[in-house]
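Open the structure in your viewer and switch to a cartoon display. The tour goes from one selection to the next.

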Amino acid sequence: MAACGYHRAMDADDLRSLRLSIDVAARARSAGNHPFGAVLTSADGEVLLEAENTVTTERDVTGHAELNLVRLASGRFTEAELAETTLYSSTEPCAMCAGGIYWSGIGRVVYALPESRLGEFTGADPENPTMHLSARTVLAAGQRAIEVEGPADLPEATAVHEGFWNPNRADHRG
């Protein structure tokens, strides 16, 4: 098993890209989806792609922002190019998304809101049946190292979730 890499700390460019991923999450929420967004940048910080969550509007449980981004990226970039990219996520990628990121070959992941904090918002809401498995744990189980940075303490990362989830709900949205 490979350990996740921790090669560099977050800088101003990382925070800018994280804020962009949160803006994408707000767009997803406005469109009627779960408030998650993802952004892919090149090694020099150029924004290559953006993707929002589409679980509700597309009626696809795999329509998480990170997987939507992985699908777009793997169709446009080579494995060598993806190894040089960074995926920014408004919230820590779930186990499914971390697996997709691993298989895509993306070289670095940076996230804002940690899964544990998201769980405080969602509680028992069936809209977020979390596995309580960190992205670092999933990515560290692979054969190649992926750099992981996060969480980033950004108030807007929590604000996009406020009032969206119902932690006491026992049924799905209608």
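How many bridges join strand 3 to strand 4, and do these strands run parallel or antiparallel? Select residues 108-113, which are strand 4, together with strand 3; the two run parallel, and five bridges join them. Keep in mind that this is a predicted model.

Now zoom in on one pair of residues here. Tyr 88 stands opposite Val 110, which belongs to strand 4.

Next, select residues 86-91, the whole of strand 3. Is this strand mostly covered or mostly exposed? It is mostly covered, with six of its six residues buried.

Move to strand 1, residues 37-41. Strand 1 pairs with strand 3 in the antiparallel sense, over four bridges. Strand 1 also pairs with strand 2 in the antiparallel sense, here over five bridges. Select Thr 41 to see both pairings: its bridge partner in strand 3 is Thr 86, and its bridge partner in strand 2 is Val 47.

Five strands form an open sheet with mixed pairing, and their order is 2-1-3-4-5. Which strands lie at the edges? Select 47-52 for strand 2 and 147-149 for strand 5: these are the edge strands, and each pairs on one side only. Across this sheet, neighbouring strands are turned against each other by 15° on average, direction ignored.

Notes:
Residues are numbered from 1 along each chain as its sequence is written. This is a predicted model: local features need pLDDT of at least 70, side-chain atom pairs count only at pLDDT 80 or more; totals for chains, interfaces and linings use all residues. Side-chain values use heavy atoms; hydrogens and water are left out. Buried means under 20% relative accessible area, exposed over 50%, partly exposed in between (1.4 Å probe, protein chains only). Two strands pair if DSSP finds at least two bridges between them. Axes are lines fitted to C-alpha atoms, for helices over the stretch in contact, and angles run from 0 to 180 degrees between N-to-C directions.
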